[in-house]
Amino acid sequence: MKRRLVSGIASWSAAALLMAGCNMGGGGDAEPKLKALGKDEKATIKVMSTWDERMFNQQYGLLFYAKHPNIEIQVASTQGAITYGPDTDVNAEFEKFIEEHNPDVLMLTPDLYERMVEKGKLYELESVIKQDKFDLAGIMPGVLDTIKTYSGGKLYGLAPNFNSQALFYNKTLFERHGVPLPKDEMSWEELLELARRFPTTGDDSSRVYGFSLGNLDSVFRFAMMIGSTKGLSFADPDTLTMTMNTDGWKKAAQLALDSYKSNAIYRPNPNQQFRGGSMEEYYKQEPFIGGKVAMMLSGTYYMESLKQAKTALKDDAPQWDLVTIPVDPNNPEGSPSSFNIGQIFAINSQSPNLRAAWEFVKYINDAEYARVMSKSSSMTGSVTTRSEFFQDPEGRNVEAFYKIKGNSAAYNRSMAKLPQTFMSQLYPHAELEFKEVMEGKKSVDDAIQAIQERGQTELTKAKQAKDLPK
């Protein structure tokens, strides 16, 4: 009863605040106005954070306090409050946390953001953005489009940072071996053809590999990556039906297998892990930085590693640049991007502190915050969503991280409908199937058929057990 009473008071306060703002706006404005805080007016907001208070303040709080000393922040950290397990409905646990703590500002994953919008729990930002003449033009269009994909075309939140992938390449190795430099929007076939032009002779300590998948050393996952680029889906999440036994998937699998068999793809040796030493020694043994790999897929975070490597290795550091991840040449605009927004900041529609909450969300998404943070290293490896402040001092092609217009949000939302344990059960089996193909014990067709059948068995079990995402 008490919680309902508090909620009712909060709702009434929010409504009263909106009405007051509308009246102060004058001129018969149809859109509600948020009254600005007075110069000496104090406010306190509670911010839900997936980080602890120290990390939150280091990334956001301290800079905000310097700009808004009259607004106090209470951090409601979810760390330790939510227990993760194989059967945990994480979104439901977060919703329970929000109900109990009633934060003003919410740090949300895209799927939780979507759920909160559908339930009417978030404050729409478009009217106050217009009211405050907040600059949306400086934010990368792909960021806003991705957020809107989760919220019916409207903005209920903003994201100050994003992660993405690109193809890093070692310019020195390409020039030394007379191989043409990579270009934006290559197909997988074009990329792998470049990789095969590097010599495949010599022992492992001296030879150069054309391409590396970074931490992703898996033939099956590579086939999945190629198939995804070509717009293929391995399962229908609405009917819980496997859709992998097709010519398209067989061609994607064959391309991945042929690439590994060509010996052009670097595979890390677990027996040659770094055992300790100086930072110079560490960077020299790293495959791309040490000059063993000509091209590598990696994320925005890797630029910081390359920056630190240059400090440690000086003239021995690689000369590198970037191009986009591969696309489907038949549909480059429809190719899934690697664009990933980890956290969306939104405002609780029941907050009695709408203006103070908006001041926080507005500040961490504005140009001033982006300018300051662009001078420091991100704790998460993410980079600012304002393109003006995402630049490379040496003129490298960082646009490769956000150039591809394809939106992966719809695909990710669709795949989220699959049973939670399905992929963890399918991948080990699929890896064994591809291992047998690599060893010449099985054909690609037989392996795909086996994966199709095993996957369908698991989907049927999940459907019967009703083990589906809520």
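Strand β4 is joined to strand β12 (residues 344-347) by 2 bridges, and the two strands run antiparallel. Helices (H or I, at least four residues) and strands (E, at least two) are DSSP runs, numbered from the N terminus. The model is predicted, with local features requiring pLDDT of at least 70 and side-chain atom pairs counted only at pLDDT 80 or more, whereas totals for chains, interfaces and linings use all residues. Residues are numbered from 1 along each chain as its sequence is written, and side-chain values use heavy atoms, with hydrogens and water left out.

The crossing of α3 and α4 is right-handed; a crossing is left-handed if the near helix is turned anticlockwise from the far one by less than a right angle, and right-handed if clockwise. On the α3 side the contact involves Asn91, Ala92, Phe94, Glu95 and Ile98, and on the α4 side Asp111, Leu112, Arg115 and Met116. These residues comprise 5 nonpolar, 1 polar and 3 charged, where Ala, Val, Leu, Ile, Met, Phe, Trp, Tyr, Cys and Pro count as nonpolar, Asp, Glu, Lys and Arg as charged, and the others, Gly among them, as polar.

A further helix pair consists of α10 (residues 247-261) and α17 (residues 444-465), which pack at an angle of about 120° with axes 10 Å apart. This angle makes α10 oblique to α17, and their crossing is right-handed. Trp249, Lys250, Ala253, Gln254 and Leu257 of α10 meet Val444, Asp445 and Ile448 of α17. By class, this contact has 5 nonpolar, 1 polar and 2 charged residues.

Another open sheet contains 4 strands in the order β7-β10-β6-β11, again with mixed pairing. Strands β7 (209-212) and β11 (320-323) each have a single partner strand, so one side of each is left without a neighbour in the sheet. From one strand to the next, the twist averages 20°. Strands β6 (residues 165-170) and β10 (residues 293-299) run antiparallel and are joined by 5 bridges; Gln165 stands opposite Gly299 in β10. Helix α12 (residues 302-313) packs on the sheet, touching β6, β10 and β11, and its direction makes about 130° with that of β10.

A search of the whole structure finds 30 aromatic pairs. Among them, Tyr60 and Tyr369 are stacked, at 5.9 Å centre to centre and with 20° between the planes (rings of Phe, Tyr and Trp, its six-membered ring, pair if their centres lie within 6.5 Å; planes under 30 degrees apart count as stacked, over 60 as edge-to-face and the rest as tilted). This pair links distant parts of the chain, with Tyr60 in helix α2 (residues 53-67) and Tyr369 in helix α14 (residues 367-373), 309 residues apart.

Note on methods. Axes are lines fitted to C-alpha atoms, for helices over the stretch in contact, and angles run from 0 to 180 degrees between N-to-C directions. Angles under 35 degrees count as roughly parallel, over 145 as roughly antiparallel, 65 to 115 as roughly perpendicular and the rest as oblique. Contact means heavy atoms within 4.5 Å. Two strands pair if DSSP finds at least two bridges between them.
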